[in-house]
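Trainee: Hey, can you walk me through this one? I'd like to start with the charged side chains.

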Number of protein chains: 2
Amino acid sequence: MSNFLAPDYKSLVPYTPGEQLNYKVIKLNTNESPFPPSPKVKEAINGELIDSLRLYSDPEVKHLRKAIADEFGLEAENVFVGNGSDDVLAFSIMGFCGRGGEMCCPDISYGFYPVYADIFGVNLEEIPLEADLSIDAKKYCNKGKTVVIANPNAPTGLALDPDEIEMIIASNQNNVVIIDEAYMDFCKTSCVALVKKYKNLLVCRTFSKSHSLAGMRVGYGLANKELIDDLNRLKFSFNPYNMNSVAIAAASAAIADNEYYGRNTDKIIEIREKTKERLSEIGFEGTDSKSNFLFEKHKTVPAETLYNELRKRGILVRYFSKPRISDRLRITVGSQSDMDALVSALEEIIKELS
Amino acid sequence: MSNFLAPDYKSLVPYTPGEQLNYKVIKLNTNESPFPPSPKVKEAINGELIDSLRLYSDPEVKHLRKAIADEFGLEAENVFVGNGSDDVLAFSIMGFCGRGGEMCCPDISYGFYPVYADIFGVNLEEIPLEADLSIDAKKYCNKGKTVVIANPNAPTGLALDPDEIEMIIASNQNNVVIIDEAYMDFCKTSCVALVKKYKNLLVCRTFSKSHSLAGMRVGYGLANKELIDDLNRLKFSFNPYNMNSVAIAAASAAIADNEYYGRNTDKIIEIREKTKERLSEIGFEGTDSKSNFLFEKHKTVPAETLYNELRKRGILVRYFSKPRISDRLRITVGSQSDMDALVSALEEIIKELS
């Protein structure tokens with residue numbers, strides 16, 4: 001740290017992304033898709049587009065906002081596009097909580113929420129998950145502060161029902177409720193339809209998971225026009241050209257090929273359920289994950305041991321040393337062959353250690 | 001504006017980017033390059049890269065940081081990469097001024113500096129330019145606050161000498177001095193060599209101008225390791241994956257082809273000088289611009305009239321209604337044929353109005 005960093009930021013503990021190894025591994029640690037982007041994305045990133053990179057990208061991101069809006073039966077004015085959904089979450093928490101403001105989220109959820117609270121000087125209430133790692137929707141009602149909930153939640157994979165989500169939104173109409181639907185395509189109970197009904201709802205989504213574009217960095221927020229205008233006010237005061245032309249073209253092409261992504265999503269759900277069953281046969285107990293990852297503990301072998309042994313065998317999963325979940329592994333649902341390799345490796349490790 | 005936006009941000013006046021028209025124009029309003037990116041950029045953005053977009057990009061941006069460092073005889077630890085140089089400037093002003101902190105910059109300069117001060121709650125001292133629109137370096141010495149200077153300055157195009165820049169840095173060693181060299185390739189008196197000498201210097205640069213990648217959004221900061229660590233601390237608390245994989249690959253390929261960009265830059269300088277002379281022959285008086293734009297006033301026709309008349313003829317230049325510069329046009333140096341069209345149109349307009 002230099003002597004020049006402002007006191008507000010000296011104690012910041014930044015977010016730790018999942019490991020990226022530079023040797024060949026089976027990578028099941030950051031919930032990426034095993035499938036490549038749609039062939040339409042490749043068509044869109046052509047020579048003409050690359051030549052046009054000499055010109056600035058569209059700061060209004062009009063084309064992509066319209067494409068996303070069409071997909072959800074909304075208008076472009078209901079869509080904010082960010083450089084990944086992290087960008088959308090950052091502007092939202094910055095703008096709707098404000099420095100010295102208040103927000104709440106589950107104590108076990110996306111690890112970035114507390115980091116945003118820290119960098120933007122927001123007082124954070126972390127509401128404990130229930131003993132079974134579920135969220136009790138009642139605990140998020142009438143909070144009088146900004147509410148942030150990932151649905152399905154990560155790393156648990158557990159989802160709230162649409163009526164529970166609506167109860168939270170309806171009971172907090174003086175504050176913004178941010179529903180982070182990063183994994184919703186694997187669960188299929190989105191609350192996006194409520195955007196037309198509630199002025200305080202912001203739904204946050206991403207192209208990184210179901211749409212195979214993690215490396216392209218495109219996320220979006222869906223909300224009523226006034227909230228979107230607020231986010232644009234912040235964006236145009238921070239980084240007006242936050243989306244580059246290739247990301248805009250790639251995401252526009254991707255959302256136009258939801259048939260391709262729908263098929264992939266269905267395959268991932270199928271592999272998820274099958275893998276869950278096979279893991280249960282070798283002594284694992286998992287949550288009822290509605291995401292593209294499993295959250296599993298073994299009845300005898302500690303999660304940290306499994307994590308390290310898998311790593312030695314070139315299989316990367318995510319382990320959190322955090323209390324209450326340190327007995328579990330978060331395992332991305334990869335391709336069928338990735339899952340075959342995972343289950344074989346786990347069988348071998350468990351046999352060796354028993 | 002919604003009822004939910006925090007009071008801190010209710011009076012924000014966002015930055016206004018240059019107009020983007022969606023019909024065919026000669027676009028001389030946002031200082032883009034008339035040349036396409038290097039053919040090496042096209043090679044780098046291939047099918048394999050696009051397939052790999054299912055995976056997250058490298059949050060450390062290691063490959064590109066090394067490539068940039070090599071170009072300047074620095075180490076990767078001296079390089080911070082941002083989603084455009086706006087991203088670098090935002091994190092720098094946020095982190096090194098701090099909320100309630102102090103910064104100064106010229107009163108006529110990049111219009112975004114005051115917006116950053118506003119969004120990050122920084123007290124801004126705007127130091128007036130001299131009557132000839134130059135910067136008096138002495139006025140930036142011993143300031144006891146963060147100093148931000150664009151060199152060459154925009155929209156004037158005027159540059160400070162390297163020894164004047166060093167005097168400013170040396171006299172402000174308790175504060176960060178940010179030298180924004182967005183246009184420095186057209187001036188060729190960079191202060192980057194001083195990064196090894198001064199701990200308080202941050203040089204900000206971009207691929208948007210000389211490197212024909214405005215639409216790809218890549219900027220970078222060069223400084224000693226401690227300042228770069230601070231910027232990374234903020235980045236990893238705001239948007240760790242701020243650079244997408246295509247932007248990283250494109251900029252890495254671009255910086256490896258500086259021969260191509262060097263030739264383009266020399267051509268633009270040549271066209272700049274020639275155009276300046278032709279404009280002077282039809283009654284313009286310009287600054288001694290060391291950038292890829294001219295800053296010109298006409299002896300009889302008001303700048304706003306010229307701006308509107310050019311616009312009617314499909315030629316877009318930038319006009320600022322701000323006091324002291326409302327008599328001038330900022331005109332990007334485009335291709336030779338763009339400049340021929342510009343001079344012909346101006347001749348016609350001036351003739352009609354005289």
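Mentor: B:K312 and B:E309 pair their side chains in a salt bridge, 2.9 Å from N to O; the term covers a side-chain nitrogen of Lys or Arg within 4 Å of a carboxyl oxygen of Asp or Glu. This is a predicted model: local features need pLDDT of at least 70, side-chain atom pairs count only at pLDDT 80 or more, and totals for chains, interfaces and linings use all residues. Side-chain values use heavy atoms, without hydrogens and water, residues are numbered from 1 along each chain as its sequence is written, and chains are lettered from A and ligands numbered from 1 in the order written.

Trainee: Are B:K312 and B:E309 buried or exposed?

Mentor: B:K312 is exposed at 65% relative accessible area, while B:E309 is buried at 15% (buried is under 20%, exposed over 50%, partly exposed in between, with a 1.4 Å probe and protein chains only).

Trainee: How many salt bridges over all chains?

Mentor: The count comes to 48. One of them joins A:R324 and A:D107, with the closest N and O atoms 3.1 Å apart. A:R324 is partly exposed at 41%, whereas A:D107 is buried at 17%.
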